[in-house]
Amino acid sequence: MAGPAVVSAAAAAAAAAAAALVAVLLLLRREDPGPGAGPSMAETEALSKLREDFRMQNKSVFILGASGETGRVLLKEILEQALFSKVTLIGRRKLTFEEEAYKNVNQELVDFEKLDDYASAFQGHDVGFCCLGTTRVKAGAEGFVRVDRDYVLRSAELAKAGGCKHFNLLSSKGADKSSSFLYLQVKGEVEARVEELKFDRYSVFRPGVLLCDRQESRPGEWFVRKFFGSLPASWASGHSVPVVTVVRAMLNNAVRPSDKKMELLENKAIHDLGKADGSLKPCTLEHPFQSRNDGALHQWFRACYIYIYHPGSFGKIKICKPYLQLESQFLGVLAQ
């Protein structure tokens with residue numbers, strides 16, 4: 001018989017997978033036309049010059065959340081593109097880098113519970129990128145709100161007071177402060193409250209499911225990534241996006257002059273802008289199906305919903321054969 005620790009771990013994995021799936025179900029209810037058709041041909045051709053002009057301004061930048069997947073890739077891209085004269089990481093622990101390219105990266109260690117004592121860490125930066133975030137599974141509901149809302153908001157306030165002109169916030173597709181789903185509610189609330197700070201320029205990025213191989217184990221996200229990796233690329237790209245595409249969209253947006261006080265980039269716009277310079281190939285997620293069947297896909301999501309909320313009725317659902325493989329993947333995750 002499995003011990004309490006094994007049962008607890010299995011229950012946590014099941015809860016994570018279920019929560020992630022519910023999030024996906026909520027996100028899929030929303031259309032994702034994006035705020036526009038992405039960069040124009042003229043903007044694409046001028047991107048190289050925009051970068052060069054940006055470099056000449058000798059701007060400084062800080063990154064919050066550089067230890068996470070998005071922050072880590074963002075730092076790598078910033079150094080490779082050499083866009084800023086000074087790069088500072090603000091975090092709770094010092095990160096170790098072996099590559100020569102990281103030797104001039106500054107690190108400011110702070111206690112996020114006492115951020116006011118570290119106001120100097122936020123001074124003198126022209127641009128800021130906030131990639132802070134945790135999960136409810138990892139930190140609990142209160143911990144999640146404290147990190148994703150309180151830490152982010154106080155950091156933004158200190159950055160504004162310290163002279164930051166352009167603040168970039170990594171949020172989430174479906175963010176809505178009136179949502180009944182805690183994750184989307186908190187993301188929407190912090191978006192709105194940071195906007196009230198009136199930065200000279202405020203850019204919000206709302207990606208779908210982030211496609212990456214996390215160093216940190218997150219069973220729910222693992223399941224969702226596997227799920228999207230099994231779908232046709234044309235469909236999956238509307239609800240997911242590679243982390244590197246998000247990062248390049250953030251940087252391509254930063255070098256483009258804008259007279260907008262607030263910019264909101266949804267998943268489609270992130271895809272378009274992240275590939276604006278042609279450095280990224282179109283996302284080609286492999287999937288096991290030779291044909292697309294939207295009816296079967298909707299049945300699959302319906303089956304997952306019923307499995308979570310009405311498990312006794314699950315055996316009565318008829319699921320089209322092409323999606324039986326996904327069914328076994330889902331049940332396999334819950335059984336872990």
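## Surface and overall make-up

The protein chain exposes about 16,900 Å², and carbon and sulfur atoms supply 51% of that area. The model is predicted. Of the chain's 336 residues, 49% count as buried.

Eleven helices and nine strands make up the secondary structure of the protein chain. Among contacts with a separation of 6 or more, 75% join residues 24 or more positions apart.

Strand E2 covers residues 86-91. Five of its six residues are buried, so the strand is mostly covered, with buried meaning under 20% relative accessible area. E2 pairs with two strands named here. Strand E1 (residues 60-64) runs parallel to E2, and five bridges join them. Ser 60 has Lys 86 in E2 as its bridge partner.

Strand E3 (residues 106-109) also runs parallel to E2, through four bridges. Leu 89 stands opposite Gln 107 in E3.

## The largest nonpolar core

The largest nonpolar core holds 37 residues. Leu 74, Ile 78, Phe 84 and Phe 129 touch the most other members. Several elements give two or more residues to this core: helix H2 (41-55), E1, H3, E2, strand E4 (127-130), helix H8 (243-255) and helix H9 (267-274). H8 gives the most, with eight residues.

Phe 129 touches residues from several parts of the chain, leaving aside those up to four places away in sequence. Val 61, Phe 62, Ile 63 and Leu 64 are among them.

A second core is separate and has 25 residues, including Leu 115, Tyr 151, Leu 158 and Ala 159.

## Cysteines without a disulfide

The structure holds zero disulfides. A disulfide needs the two sulfur atoms within 2.5 Å. Cys 131 is likewise in no disulfide, as its nearest cysteine sulfur is that of Cys 130.

Are these two cysteines buried or exposed? Cys 130 counts as buried, at 0% relative accessibility. Cys 131 is buried as well, with a relative accessible area of 11%.

Note on methods. Residues are numbered from 1 along each chain as its sequence is written. This is a predicted model: local features need pLDDT of at least 70, side-chain atom pairs count only at pLDDT 80 or more; totals for chains, interfaces and linings use all residues. Side-chain values use heavy atoms; hydrogens and water are left out. Buried means under 20% relative accessible area, exposed over 50%, partly exposed in between (1.4 Å probe, protein chains only). Contact means heavy atoms within 4.5 Å. Accessible areas come from the Shrake-Rupley method with a 1.4 Å probe; for residues, only the protein chains shown count as cover. Two strands pair if DSSP finds at least two bridges between them. A nonpolar core is a set of buried Ala, Val, Leu, Ile, Met, Phe, Trp, Tyr and Cys residues joined through side-chain atoms within 4.5 Å.
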